Structures are given as C-alpha cells and as structure tokens.
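Welcome, and take a moment to look over the model shown here. We will walk through it together, starting with how its parts are named.

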Amino acid sequence: MISNLVVKQTYTGNGTARNWPIPFSYTDTSQIKVKLTVNGAETLVPSTDYTVDPVAQNVVYPKTADPIPATTKITLYRETAKTQATDLTNQGALYPETLEASFDKLTEIVQEQAEQISRAVKTQISSSASPDELMSELNTNVAAAISSAAEAANNQKAASSSAAAAIASQIAAAASATNAENAAATTATAVGTHNSDTDAHPDIRAALKKAGGVPIGTITARLSKKAEAGELALDTGALVSRATYPDLWAWVQSSGAPLISDADWQAQATAQTSVGAYSTGDGSTTFRLPRLLDYMRGGAAADVGTWQVDMFKSHTHDYDNMQGGGVANSVSDTTAAQTDATSQTGHITGSTGGTETRPKTIKVLYCVKAFDAETNPGLVDLTALANDVAGKVDKTTYAADFAQVLGTNGYKKLQGGLILQWGQATSNGTGVPNLSVTFPISFPNSCAVVTANANGNPNPGCFVEISSISKTAANMLVTTYNGSISSELVYWFAIGY
C-alpha cells in the first residue's frame, strides 16, 4: 500500500547531520538514490558511499567523511526499475499480496514519472512545436530580454546623469548674480521655461521619476481586473516559486513582513476571509502570498498583518417603557398584549441590515510589486508569463486521476484512463446466477473483462462462469465439477476504463 505522493526530499547540510529521513515509501533499498547539489551543479552519489537503514527509515551520508556544509544540498529520491517480474498462469493461484505488490510497483513508477514530468518543459496541447523548438525560442527570448533590461538600465543611468547635470547647471546659474541674465537665457534655451525660480523643469522631474522605481513589496490598490507588469495579485493567496520571484522572497525575509508557516496560513484562510501574512510555502522552493479581500487600516508596527473581526463599538439605545392594554407592540414582546396596563421591560427591536458591517464601498484589486518588469515587443512578455504561471493550480489538483483504494476489495486508476478493480465475494447455494458482484467504483465508460476463480473450499474443483458484466457490476454462476450450484469464496478481477 502506498499512501502518499512523495517521491523525493531535499535537505540542506548544516555541518553536523549525517542521518537524513526518508519520507516516502519504497519496497527495496536499491530504489533509494542520492544526489548532491553544490552551486547549482548536481552529482549522483555512488551507492557505496551511503547506507540505507530500513529500520530507522533514513539514509546515512557521509559514512566517515566530514558532514556536508550549509552550502550543499542533499536530495533523496526513489527510482524504480521498469520491469515486470510477476507471472500469473492460467488456472493458477491468484494471491492478493502478489497483486498488491505489482500494483505498488506500478504506482511507484507512475509517481516517479509524474514528478519528472512536473519539472519538464511542456508545450500547449494544441501546439505543433516540439520541446526542443520551444526551448530554443525561450533561450532566444531570454537573451533578448536580458539585453533589453541592460539597455534600459543604461538609459536610466544616462537619464539620471543628464537630470543631475541640468539641476547643477540651474543652481549654478541662480547663484551667479553677475551672470544671472545670461545663465537664465541659456537655461531657458536648454530645458525650456520653469514654473518658478526654484522648481525644476517638468522634463527634469520626469527624468528623475523615471530613474527611480516602486520598491519591491509595495502594495498597490488597482481599479482593474489584473495586476500590472511586475506585480502579483493578492486576491487568492497564490503559492509561487522562490526561484521565479527571488527579489520578493528576499524582501519578505529581510523587511519584517509577516511570515508564517503554510499550515498556519491555511488555518487562518479557513477561519477568515483575508490573511495578512506571507507563508513559507513548502519550506524550500515556494512561498505563499497574502489574501487581501477586506478593508485595511493603519496600526502599530507590532500589529501589522493581524486580523480583526467586524464589530460595533459598545453602545446602548434608550426608549420609553411600553404600556400593555390588549394591543401587541411592534417589538418582540410576547407579553405586550395584556389586559392590565402595566409597564414592560426587556423589549427587543426587530432586526434589519445585511450580512456584514461596512461603509460605502468600491472594491479594488490589491497587488504587490514582485519584480522590475521588462517587456520586449514581438517576443515573449516575461512579466505576463510569470503572472500566468502564478495563477496555475497545484499539481495535487489532479491527484484524483491517480486515485486508489488498496485492500481486500479495491481499485487503482492508471495514467491514460485504465482502471483495475478486484475483490472477494461468497456465492449463494441457490439461484442462477448465484453471485452478483458490485465493483468498488463504476467504470466511467465500460468494463472490458472480468475473470474469477473459486477458492475450492469446501468443494474442490469448482467452476466460475461470468454471466454478464456492466459498468457497475458482474453476475456469476459458481458450480461444482458435477454441475451443482455451490456456495464458495470467489476471487475476482476486472479491467475497464
């Protein structure tokens, strides 16, 4: 039985650790492989250099050398041989443990291939381009984007230099009383007219503004349905890659922005509509954005990111006592309609209003500055590509396509739509057919084949005939060697899609 989807785990050295826990299942220690990563370069570790301890469920590395430092990562992963050693013979024994071992191996291979595919470059389903062509185009576009970014940086430096020179010239002109007239004329010719003697020219202000930029981590309210270039929307709490947004991740770690574990983030997201914190994601490759769907207010630095529920300030309402007299009041007073004119207390007014307390509102989309965007027209808009990737669902969304239940009666969904189902059932001693089996799940399209064998105890030499099959069930007739109807334990197996 394989109960999780994990096939690998990466750890960072600390100069002391030698034992590295194995968080995924395996059937043989030979499946466990180890790789080291130093400065982005991966190296496969020979199996003779590490030990797999199946009792402690960990890998011991290194055996005798110095422990790996913090600059080195170690990755444990499972690699299953693509072979089939199970041989089921006609009319032979069909043991559940044999089937389960084969299904486990298939599951391990499917999980490993799914993990490799998740790291592969994939073209759109409608694209005619091969992966090699796509990579070539991406490399070309990345090189062009880098060139464009370098050119933009040079232009910004030139603009800053020109603006600074113009301002210096303006100050010098104003300071020189004897050449004020000539300096003013020269300045007017060079940069145009001024709003005042002390204000810089609008072109200079524009150049200075262009030379600056919005800091990473700045949150902006947008009256639009999507984030601008260089921004990420904060309406879903998206899980994003640390490698794709290194500047934003570095800012989150260094700025004092609220940063919590992903488990705490998910707990807040379940209990409240907004989450005012980033999360550490999976702890190594991702982090999660805040989800801002409510009003925001200022507060002390220590309170940044904290949640406040909606409420009214404590207050009271005064009104005169009501008098009975046989007529019901307009409030929820069950004793108002009394014959005696007596004073009543504890009146409750009727409810009014909506589902929340709020001022007059226009909704906006909160966005965070994640990186400095550069777009090269005619090629690939890297900003749009990054924003598009950030909105994709996690691969765990498709876990149902590979669902399984492993037990006496169970099933396994395989890649491509094939479904295997199996189980046990006892036939009746009377009736034709005398055994009806309902599959654990319904085949979406068709059940292709069903096979079954009788246990032969207490009646050896029994035969099982498949009378009919459907997407949900199979009917069978179980008889002894002389043709009489028998009550037997039957093992069955079905394949469909």
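Helices (H or I, at least four residues) and strands (E, at least two) are DSSP runs, numbered from the N terminus. Tyr61 and Pro62 are joined by a cis peptide bond, with omega at about -10 degrees.

Before going further, a word on what you are looking at. This is a predicted model, in which local features need pLDDT of at least 70 and side-chain atom pairs count only at pLDDT 80 or more, while totals for chains, interfaces and linings use all residues. Residues are numbered from 1 along each chain as its sequence is written, and side-chain values use heavy atoms, with hydrogens and water left out.

The predictor's confidence in each residue is called pLDDT, on a scale from 0 to 100. Its mean over the chain is 81, and 78% of the residues reach 70 or more. Residues 325-341 have pLDDT below 50, and this stretch has 29 contacts in the model beyond near neighbours in sequence; a contact means heavy atoms within 4.5 Å. Another stretch, residues 205-212, stays under 50 and has 10 contacts beyond four places in sequence. Where pLDDT is low, the predicted coordinates should not be read in detail.

Now for the chain as a whole. Its secondary structure comes to 7 helices and 24 strands. Of the contacts with a separation of 6 or more, 62% are between residues 24 or more positions apart. The chain has 497 residues, and 28% of them are buried; buried means under 20% relative accessible area, exposed over 50%, and partly exposed in between, using a 1.4 Å probe and protein chains only.

Which strands make up the open sheet, and in what order? The order is S17-S18-S19-S24-S21, with antiparallel pairing. Two strands pair if DSSP finds at least two bridges between them. At the edges are strand S17 (404-405) and strand S21 (447-454), each pairing on one side only.

Over 8 bridges, S19 pairs in the antiparallel sense with strand S24 (residues 489-496). The hairpin of S18 and S19 has 5 residues between the strands, and Gly416 takes a positive phi near 100 degrees in it. S19 is mostly covered, as 6 of its 8 residues are buried.

Helix H1 (residues 96-118) lies across S17, strand S18 (410-413), S19 and S24. H1 runs at about 160 degrees to S19, where axes are lines fitted to C-alpha atoms, for helices over the stretch in contact, and angles run from 0 to 180 degrees between N-to-C directions.

Finally, two loop residues deserve a look. Asn39, in the loop between strand S3 (32-38) and strand S4 (41-44), has a positive phi near 55 degrees. Is Asn39 buried or exposed? Asn39 counts as exposed because its relative accessible area is 78%. Gln57 lies in the loop between strand S5 (51-53) and S6, and its phi is also positive, near 55 degrees. Gln57 counts as partly exposed because its relative accessibility is 32%.
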